[in-house]
Amino acid sequence: MKKLGLLVGTLGGAMAGYLFSNSKLREELAGAKDADAAGKILAKHLQKDGKELGSHVKKFVDSDDVQQHFG
């Protein structure tokens, strides 16, 4: 169960880091009219930047520290 919690935490941290580092995304989300509009904005940005975000998450999961906790 610890592995699942670590994985969920990793994904949440990656999303938070992505949101904090992308000023254009933050500006667009601040101007969203409702939750549906915010979801569409987030989906648009994730579609564009998803490959880069995935590579960062993979690099983190493959790191020695994470692998020691999985082992």
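Where is T10 found? In this predicted model, local features need pLDDT of at least 70 and side-chain atom pairs count only at pLDDT 80 or more, while totals for chains, interfaces and linings use all residues. Residues are numbered from 1 along each chain as its sequence is written, and side-chain values use heavy atoms, with hydrogens and water left out.

T10 sits in helix α1; helices here are DSSP runs of H or I of at least four residues, numbered from the N terminus. Leaving aside residues up to four places away in sequence, T10 touches V57, F60 and V61, where contact means heavy atoms within 4.5 Å.

Helix α1 also holds L4, which is partly exposed at 48% relative accessibility. Together with L7, V8 and L11, L4 forms a nonpolar surface patch of about 350 Å² of accessible area. The areas come from the Shrake-Rupley method with a 1.4 Å probe.

Now to the loop between α1 (2-21) and α2 (23-30), where N22 is found. N22 is buried, at 13% relative accessible area. A polar atom of the N22 side chain lies 3.3 Å from the backbone nitrogen of K24. N22 also touches H45 and D49, not counting residues up to four places away in sequence.

Key:
Helices (H or I, at least four residues) and strands (E, at least two) are DSSP runs, numbered from the N terminus. Buried means under 20% relative accessible area, exposed over 50%, partly exposed in between (1.4 Å probe, protein chains only). A polar contact is a pair of N or O atoms within 3.5 Å; within protein, one must be able to donate a hydrogen and the other to accept it, and residues adjacent in sequence count only if both atoms are side-chain atoms. Patches are made of residues with over 30% relative accessible area and no salt bridge: like charges are joined within 9 Å, nonpolar side chains (Val, Leu, Ile, Met, Phe, Trp, Tyr) within 5 Å. A salt bridge is a side-chain nitrogen of Lys or Arg within 4 Å of a carboxyl oxygen of Asp or Glu.
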